[in-house]
Each structure stands twice: as structure tokens, then as C-alpha cells.
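Hi,

Here is the structure I promised to pass on to you. Have a look at it first, and then read on for my notes.

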Amino acid sequence: MGQSMAPIRGEITEIVGGPSSGRTSHLLACLRDVVSRGEPAALVDTEETFDPRSAAEAGIDLRRLLWVRCGSHRDVALRAADMLVRCPGFALVALDLGERVPRLPTTLAFRLKFAVRRTDVALLIVGRQRLTGSSAALAIETLREGIEWTGPGPAPTRLARVRTTTRVLRSHRGAPGWPPSHWWSA
Amino acid sequence: MSRFGCVLVEHFDAAAVERCEPALRERPLAILNPSVDGPKVGREGAPTAKINGAPTASINMIVEANAAAREQTVRPGMTETEARARCPMLVTRPWVEEYAVSARHALLEAALAVSPRIEDGGAGLAYVDTVGLERLIGDPASIGRRLVYQVRAVGLTARVGLAASRTAARMAAANGSGAVTVIPPGRERAMLARVSLAALDLTPDLAATLGGWGVRTLGELAALPREGLAMRLGPAGLRAHDLALGLDRDPFRPWTPPPFWEEAQGLEWEIDSLGVLAGVLETVLERLCRRLGAVALAADALEIRLGLASGGHHARDVSLAYPMSEVKPMLTLLVLDLEAHPPPAAVTRVAISAHPIRTQAGQGGLWQPPAPAPRDLVTVLARLAALVGADNLGSPVLVDSHRSDAFTMLAFSPPSGPESLDRRGRRGGHSPRQDSPALDDPARLPALPQHPTGERPQRLALRRIRPARRAEIETVGEQPVRVDALHVIACAGPWRASGEWWDTRAWARDEWDVVLGDGALCRLARDRLTGHWYLDGFYD
């Protein structure tokens, strides 16, 4: 996958982090890598925070992206994700839970785990906290390391880029192969 | 060489009902005359009439009976009472026009699967032009067996006759000993000679005249002198003579299927539950799909029309994302549509129309990435639409505008082939956030600059707040220093943008990127027309 992390097909991957830590940028990078191969992907957007312009600028072919807006209803988002992971053919189903992560019973987490294994779909869950516990094969935490500003004069007039790092919280397959730090250009 | 085939379904009105209720095939069944109450008359119900305001029971007449009922000497023309006296186990059903029409079309479509030239010969009767089918199917007996098979596929049982003329083929079908009867060329007259005159369906006057002459069989009619018949009976006599000889004088009128194929089901009880209605829908769809499958067609649109107990109708159009002839996905789509748009009253009748089209089989490319099967995709999209609403589902498309959150939604329909986006996306060297046409084509969006270390930076995502939240901002000069209760640690801006100044929807704003005291990196926007500050979203 190159620079950013890659969700594992047939497994659950979680990205957690605080606001402005880079988790959504990681999500877009994963979506871009999938759709650039010509495979369809789905994004279940709980709080309707997805920005199509950011996605297009990140290189995502929006025609291959199914965007499901859930109107801040977390139970609806979980049901939508459950439906999508049972549809074979999607390479990646991303579930963006936003800032308030609901409680997920262990049975439901295992249900999701077995569903993605059966259909070989990569389920990527993005949120403030972890959701699926031991059902996730990979869980990483994103942290912000720095911000760079730019502008013609002494006073910066625009945000240049942000540097983030990742920390592996759980991995079934050993240490990940991507570099921990990433630059994200504004 | 046989030139025509005749497909005959005996006791057709009863067969049409048995097609809708297969459990009745083994039971004695009689069809009652159509009543004033229509198809809502129940199994035991009797239509009533009013004389001088007082309701009186009308007499139900048998219009058709199946073979099991005829074994019990039940015949058309009897009263229901007489028929029940002869056959206590008799099951009766009212005559429903939709059943007969659907079965008639199903029979013709099944014949159409064998030959492109068929003629509608009336209820339960179809003529098939078999010229050229020998090379495709085989000898006439094989063609007959193919016809029987196709008709059975749509839920009917037929007898087939093949001969040089339609009349001879019909006589062979009606009087043959097996399911398929073939009259060899030149043997028509000999085969027809023993057939009763009643098989010709002559007018009562003509039949009475011929009966008075002692003519009982077609052979006897064929032996009469033609000139004498012409003088005494006119054109009707000549036509009867031709038929007795097995000659067709009428032109062949090819039948073309209607643009929509319909199957209907009358209900004996009112249905007010979608779960129960789904069972009826499945039955109707099964019949419809069998008709489609018999001629290798698929439907690309469905129309459902529900008759309501209130007297009205509830109609819905369901366009299918891809042509299909499978019951399960069709049923799922119909049920989901009815869940979203339920009928306003209890349902008493169901009719489903399908627009048939011929599908072209395609094969995926070797390097084509896997994608959801159309059947699975359309089903999951319908379920999601029922869950979140159709407006909240689809692929986003950027609108050609400088407004930062301008987009629209289109139905999700991913292109089939892969495209190299990276190659297109790396052209040019625009700076970030440069005012550029915002189109859906990533090639026209600004490319990312290369970092001095050689590492290619990726795009920072913005998490939008929809709608943008009004914020209380404290400023020094133009610069924000406090957002709500949080100090601003660092900020950059303003980034000025405006648009649609020629319209009533004119907008103008200054955008600031700020780091707040809690570490959040967010985008603020000041509306220059109103002076209000908004929190657009968070960089993440």
C-alpha cells in the first residue's frame, strides 16, 4: 500500500484517535488505494462529516465510492455496515463513527468478524475509541506530531501541512510495514 | 412435411385457475360464471341480485370444469347445485378475467419460445408455424415435445398436434391419443374422416342443417359435393367443407407479445399485513418469472398495482437496476418499496406487470477487479435506501462551483473498468487551495506538491460539520483569538472566497485555519455579508 496503513481483507481494522490526529486522512488514503485499483468501496458516515472535495483532492474516484449518510444515528450506521459487509464484492467498507463511539456487544462484534471473513471484505472502523475489542485484527492509534504554516510574509496565511504518527494497539500479524509518520498536505 | 403445430390446453378456464392454485390440479374443479361482485366472491360465496330492492340469490352456472370434475359428470351449463349433487367434493372458483388473460398470454409466449411465428387461436389455442424448425429441433414429434415442455414450464398442460394445416393440426391435438400427435403429409383427410362434426365449432344453424342431412363426421361432410354445398349453404358451407378437408383459407395472423406482461391474483380475503402480502407477491412473481424464463427474457421494470378494499388502487413503479428474471431479488425490491410506500387500505387484488427485454450475456475481463454481483448490489442498495432514505445514499459528485461544500448525490453505479488515477492526478503543479474549477474529475483537481525529503505528502482531510455551526468568536483586528471558550493557539488566514455575486444566492467569506486550546485544528469561516462566524469543520 505504500506509505499509509492497509486494512486487511476479511478482517476488521480499527483506527482511533482524537480530533485532528489524522485518522480521517488515513481513512481517505485507504479509500483511495482501493478505488484506484478499480474496486468499489463503501463509506458509512455516521455524523455526515465526509467532505467530497477532500476525497477528490486525495485522489479518490468518487464514482466508485458508495456514501451512506446516517444522520448521527449510530444504530443505523451499525446496521448499514452490517448489510454492506454481507455483500460480496466491496473491497472495503469503512465505518466512520465520529466522536461518540457506541457500545457494541461482543456477540455483535463477532458477528461482524465472521461476516467479513465470509465475504472477504475489509472492514475499517474509524472513531474516537475502539469498538470491536478482540475481534479486530489490527488496531492503530493516530497522534499529531506537528503543524507547518506557510505564507508570503512573516504572518502565516494558510495551513501548509500536518505531521501525524501511528501507534499499533493490536496486530495479529506482527509489526506493520508502513512508516509510523506521515505528512498530510492541506 | 408438417407445416403447422397446434397447442391446445383443454378446459382452459379451469387450467388458468389451476395455474394460479396448483393444489387444485388433482381435485374436481368447476368455474362459475362471472358474478356482479367480481373476483371478490369467496369460495362458498354466491353473488346476489336485487329484485324490487330485496336481495335474491342468483343461480350460479358452471362455465368450465376440469378433467377430474368431468369424470364425475360435471359439465358446463349445469347449475352449481346440480354439479354439487353429482360431485359433493366439487371445488368452485369464480371466473376471473385476469387469470384467463394471463394464462392465454403465457401459452402464447411459451409457443413463441419455439417458433417466432405463432397465431392466437383463442382461449387455450395457439398455432405455431413450424417451417424451418426441423433443422433446429428435429422431426415433428420432437417439435411437439418441445412445445409440450415449454407450455408445461409456464404452468399449463397442453396437447399438441402437427399437420400440414392448422385445422388438421387442431383436430389432431383435440382427438389424438397422446400428448403429441403428428399427421403425416397427405393423410389429413383420412385422419379427419372419423372426427365428429362437433369439433368444427360450427354455428348452431349450420350444425343443425348438417345434422338434419345425417352428416355426423368430417369424412361425411368432406364427401358432399362442393357445388351443392355452395348453392344450399353459401360461404359458410364452403368454409365448413374446407375445414373438413383440412384446408386453411384464412390467412395466418402472427401474434406479437404486448410491451408489458402482467400476472394478477385476486384475493379472497383482505390483506392488511405486508408479510402476508409478500407471500402473494412471491406467488405472482413466480408465475411471471416462469413466463419470462420460458422465452429467455428478463424484466427491467416492474409495475405493481394493488386493488384496495376502499375501492381505489395503489400503484408503484419499481425500476430494476439491471434486467433480471429471478423471483427473490424482485420480491425484495417490491417489499422494500411497499415498506417505504405502504398501501393506504387493505389489499384485495394484486397485479404485477413486467417490461420484458432480451439480455445480452457478457463476460468479465481477466484483469477486471471483482465487483458486487448486480443482484446483490441492487438488493443491498434497496435495503440501505429503506434504512437511511434514498437521498442519503449514492456517490457524491462535486458541483462546478467555488463554494467549498458544493456537491450532489448520484445513484451508485461504479464503472466497470479500472482507471489509472494516479497518472492523471499528478499532472500540473498547482498550489494547495488554489481556486480551481471543482469538478468530479480528479485530473482537474490540484495535485500534491512533492516534499523536499522525497516523501510524497498526502492530502489532509477535513471533517465537515453539517450544517456549519455558528460560533462566538473574539477577534483582535481581523484575527480570531478566542473561539467559544477556547483560546486560539495559532491561526492562519484569511483565505478569501466569494461567488454567485450575480445571483440572489451570492456568498462571500473569509476562511481561517486555527489551532484551539484543546489541540483541535479547525477551519473557521466569517460570512462577509452578515459578519457571522461559523465553524466549518475539523482537519483530521
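Which residues of α4(B) are buried? They are Tyr99(B), Ser102(B), Ala103(B), Arg104(B), Ala106(B), Leu107(B), Leu108(B), Glu109(B), Ala110(B), Ala111(B) and Leu112(B). Please keep in mind that this is a predicted model.

Next, the contact between the chains. Chain B puts in 62 residues and chain A 60 residues. On the chain B side, the elements that each supply at least two residues are α14 (374–388), β15 (393–398), α15 (421–425), β17 (458–459), β18, β21 (486–499), β22 (507–516) and β24 (533–539). Of these, α14(B) gives the largest share, with 7 residues. Sorted by class, the side of chain B that touches chain A has 38 nonpolar, 11 polar and 13 charged residues.

Strand pairing crosses between the chains too: β8 of chain A (residues 181–185) and β17(B) run parallel and are joined by 2 bridges. Within that pairing, Trp184(A) has Gln458(B) as its bridge partner.

Arg466(B) counts as partly exposed because 14 other C-beta atoms lie within 10 Å. Asp405(B) is 61 residues away from Arg466(B) along the chain, yet their C-alpha atoms are separated by 9.5 Å.

Note on methods: Residues are numbered from 1 along each chain as its sequence is written. Chains are lettered from A and ligands numbered from 1 in the order in which they are written. This is a predicted model: local features need pLDDT of at least 70, side-chain atom pairs count only at pLDDT 80 or more; totals for chains, interfaces and linings use all residues. A residue is buried if 20 or more other C-beta atoms lie within 10 Å of its own, exposed if 12 or fewer, and partly exposed in between; C-beta atoms are placed from the backbone. Helices (H or I, at least four residues) and strands (E, at least two) are DSSP runs, numbered from the N terminus. Two residues are in contact if their C-beta atoms, placed from the backbone, lie within 7 Å. Ala, Val, Leu, Ile, Met, Phe, Trp, Tyr, Cys and Pro count as nonpolar, Asp, Glu, Lys and Arg as charged, and the others, Gly among them, as polar. Two strands pair if DSSP finds at least two bridges between them.
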